[in-house]
Amino acid sequence: MGGEATKVISKDVLWGGGQSPFSVSYGKMMMWYFLVSDALTFGGLLTAYGFVRASSTDPWPIGEQVFRALPFMDGEYPLIYVALMTFILIVSSVTMVMAVEAGHRNDKKRVVTWLGWTVLGGFIFLGSQAWEWSHFIHGSGGSFLLTKNVSVTSDDGQEFDLLKGEAVFMDHHFGYLAEPWIEGEPQVSLVESDHGVKLVEMGEHPHEAELHSLTLNKYIANEVHVSGEDALKLWNARSESFSFGANMHDNEYAIQQSYANFFFFITGFHGFHVFSGVLINLIIFIMAYRGVFERRKHYEMVEKIGLYWHFVDLVWVFVFTFFYLI
Amino acid sequence: MERDDLIVNDNYALNAHHSEEEGAKIRRNTWKVTAILTVLTSLEVAMGIYFKRSDSFSWVMIKWTFIVLTLVKAAYIVLVFMHLGDERSNLKKAVLAPYILFVGYLLFIAITEGFGHMNLSNEHH
């Protein structure tokens, strides 16, 4: 039963009753069984995420507000980048369907072409996910916690009574310099300016960032900006507790560290599937190119790896909805 | 009921070759499903950006809309792209039944316990 599937059904693959009930080869059936077990793992992970989120008493971050950056672009584009990643994966799934279809016509040239596009799509997705991770880890400004209760008025005139221990968020220019300043980098210093305070970096690339405004509720709901005197009041009430981006111990997005941990684990586990999928696709691409399947007279290997590749797309559809959208 | 678990005319997956005309039909269907998946994803993103989260009933309905749209997309991927829809119904059941059973149970337990835990913590605060 091992090895490649043969075209003629041998007596060995028939079941006890002299039938092959599923009418598929051993390899394809095992691929389906593997996918069912793998889907249970992902189902367990997403359910665990739902459980932790449902049982959380503190507000949970909103996907549109955490994931709203685009590479090389300023400004806010909620969920656009994740949607683009979803689209890339769907398209690379489509090119795989085309490769399988061409295989059924023993059209080697088309199989190789479509598999090539599929491998390329996989690499683009992996690159996008690397950018997404990097952005999540670096964060967009960072936050600090208050040491005492402060009352401020926001730019749109609302009054807020902030409590000791609440988080206040910096913009990314100020936060970018605040991180080395907190770490005691000698080239960065905090100085008084005409409007309040600013951070100044000396050295090879001297530049400075003014404390223009601070943000409240950045990742939760109803984000508001505070500037001028009130921003300075918040800055002066800062504690030692700063957060920049996310790591395994701390994150700026949520009070719950489990939020960052689930992001790393779920998207990381999925990304590892994409990575191994791209590698296997590449191997099958080379085998198809060298005519291995042409000599075997069927392209079932493309169909089997195709099942795995569609599965990776399927999982991402669920991750997109349950991690990012809801 | 007609039995579909017998190999009557050697309809084995490895022999499932098709002609150019059948291939053209399959390709047309694939592009159609691609268009559907793209439109549904765009709709989800637009809804995600447009509707603000709240405790209201309408937000609950939007969440359910997301879940339904996701299940529709998943069905297209599994039944058309992974062509489980064209397999013997035995294989279909062997793949789908255990999964739906286990995940349904897991979801029921986790959601019940998750909200129970939250209500308990609220009572203590």
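1. Contact of two helices in chain A. In this predicted model, residues of α3(A) and α9(A) meet along both helices: Val82(A), Thr86(A), Leu89(A), Ile90(A), Ser93(A), Met96(A), Ala99(A), Val100(A) and Gly103(A) come from α3(A), and α9(A) supplies Val302(A), Glu303(A), Gly306(A), Trp309(A), His310(A), Asp313(A), Trp316(A), Phe320(A) and Tyr324(A). By class, this contact of α3(A) with α9(A) comprises 11 nonpolar, 5 polar and 2 charged residues.

2. Geometry of that pair. Two packed helices are described by the angle between their axes and the distance between the axes. Here helix α3 of chain A covers residues 80-104 and helix α9 of chain A covers residues 300-325; their axes come within 9 Å and cross at roughly 160°. Angles over 145 degrees count as roughly antiparallel, so α3(A) is roughly antiparallel to α9(A). The crossing of α3(A) past α9(A) is left-handed.

3. Domains of chain A. The domain assignment divides chain A into domain 1, made of 39-139 + 271-325, and domain 2, which is 143-243. Between the C-alpha centres of domain 1 and domain 2 of chain A there are 38 Å. Contact between these domains of chain A involves 5 residues of domain 1 and 5 residues of domain 2. On the domain 1 side of chain A, the residues touching domain 2 are 4 nonpolar and 1 polar, with no charged residues.

4. A sheet in chain A. Strands β5, β6 and β7 of chain A form an open sheet of 3 strands in the order β5-β6-β7, with antiparallel pairing. At its edges are β5 (188-192) and β7 (207-210) of chain A, each pairing on one side only. On average, and with direction ignored, neighbouring strands of the sheet are turned by 25° against each other.

5. Pairing and packing at the sheet. Strand β6 of chain A (residues 197-201) is joined to β5(A) by 5 bridges, and the two run antiparallel. Val188(A) stands opposite Glu201(A) of β6(A). Helix α5 of chain A (residues 172-182) packs on the sheet and touches β5, β6 and β7 of chain A; the directions of α5 and β6(A) make an angle of about 65°.

6. Where chain B meets chain A. The contact takes in 55 residues of chain B and 51 residues of chain A. On the chain B side, the elements giving two or more residues are α1 (20-50), α2 (57-81) and α3 (89-124) of chain B. Helix α3(B) gives the most to that side, with 18 residues. By class, the side of chain B touching chain A has 29 nonpolar, 16 polar and 10 charged residues.

How values were computed
Residues are numbered from 1 along each chain as its sequence is written. Chains are lettered from A and ligands numbered from 1 in the order in which they are written. This is a predicted model: local features need pLDDT of at least 70, side-chain atom pairs count only at pLDDT 80 or more; totals for chains, interfaces and linings use all residues. Two strands pair if DSSP finds at least two bridges between them. Helices (H or I, at least four residues) and strands (E, at least two) are DSSP runs, numbered from the N terminus. Axes are lines fitted to C-alpha atoms, for helices over the stretch in contact, and angles run from 0 to 180 degrees between N-to-C directions. Two residues are in contact if their C-beta atoms, placed from the backbone, lie within 7 Å. Ala, Val, Leu, Ile, Met, Phe, Trp, Tyr, Cys and Pro count as nonpolar, Asp, Glu, Lys and Arg as charged, and the others, Gly among them, as polar. Angles under 35 degrees count as roughly parallel, over 145 as roughly antiparallel, 65 to 115 as roughly perpendicular and the rest as oblique. A crossing is left-handed if the near helix is turned anticlockwise from the far one by less than a right angle, and right-handed if clockwise. Domain bounds come from an automatic or database domain assignment.
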